[in-house]
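Subject: Structure for your review

Dear colleague,

Please find below the sequence and structure that I am handing over to you.

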Amino acid sequence: MSKSQKQHEEKITTTENTMRTLISVYNKYARIEGDRDLLSTCEAKKLIENELPMFAKLGDKQVERILRKLDQDKDGTIDFEEFVSTVACLTKAYRNFFESEEHCT
């Protein structure tokens, strides 16, 4: 590791760490069936069940809905861009849910 890489590692922000985590999670599941650049429907379902259990607990219909949203181009696989886009949408919904709960208490 170069000196500049070490310095960057020391200064990593929460947001940068979050981006690294998203990449790591995507790669972990995309590699299960061999194509490291795409998630199959099965890989995506495992990702949702293991990494997004709050959404998985909503039931099979909601998981299927999330899977359909993930596959934006309807090609039967989820690329990284589709994954990040859907995670952003789910994050927005998650934030809205908790903000509305705060107003109720």
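Predicted model: local features only at pLDDT ≥ 70, side-chain atom pairs only at ≥ 80, totals over all residues.

Helix α5

Helix α5 spans residues 60-70. Its buried residues are Val63, Ile66, Leu67 and Leu70. Viewed down the axis of α5, these buried residues fall within an arc of 100°, and therefore they line one face of the helix. The face turned away from that buried side carries the exposed residues Lys61 and Arg68. Arg65 also belongs to α5; its relative accessibility is 44%, so it counts as partly exposed, because that class lies between under 20% for buried and over 50% for exposed.

A patch of positive charge

Lys74 is found in the loop between α5 and β2. Lys74 has a relative accessibility of 60% and so counts as exposed. The backbone of Lys74 also deserves a remark. Most residues other than glycine have a negative phi. Lys74, although it is not a glycine, has a positive phi of about 55°.

The loop between α5 and β2

Gln72 lies in the loop between α5 and β2, the latter covering residues 77-79. With a relative accessibility of 42%, Gln72 counts as partly exposed. The C-alpha atoms of Gln72 and Ser85 are separated by 9.3 Å, and these two residues are 13 residues apart along the chain.

A nonpolar patch

The surface also holds a nonpolar patch, formed by Ile23, Phe80 and Val84. Together these three residues have about 210 Å² of accessible area. Phe80 lies in helix α6, which runs over residues 80-104. The relative accessibility of Phe80 is 33%, so this residue counts as partly exposed.

Salt bridges

How many salt bridges does a search of the whole structure find? The search finds two.

In one of them, the side chains of Glu51 and Lys28 meet, with an N to O distance of 3.7 Å. This pair links distant parts of the chain: Glu51 is in helix α3 (residues 41-51) and Lys28 is in helix α2 (residues 14-30), 23 residues apart. Glu51 counts as partly exposed at 32% relative accessibility, whereas Lys28 is exposed, with a relative accessible area of 51%.

In the other, the side chains of Glu99 and Arg95 meet, with an N to O distance of 3.0 Å. Both of these residues lie in helix α6, four residues apart, which is about one turn of the helix. Glu99 is partly exposed, with a relative accessible area of 29%, and Arg95 is exposed, with a relative accessible area of 55%.

With kind regards

Definitions and conventions: Residues numbered from 1 in each chain as written. Heavy atoms only, no water. Helix = DSSP H or I, 4+ residues; strand = E, 2+ residues; numbered from the N terminus. Buried < 20%, exposed > 50% of the residue type's maximum accessible area, 1.4 Å probe, protein only. Arc of directions from axis to C-beta. Patch = residues over 30% accessible without salt bridge, like charges linked within 9 Å, V, L, I, M, F, W, Y side chains within 5 Å. Areas by Shrake-Rupley, 256 points an atom, 1.4 Å probe, with all protein chains shown as cover. Salt bridge = Lys/Arg side-chain N within 4 Å of Asp/Glu carboxyl O.
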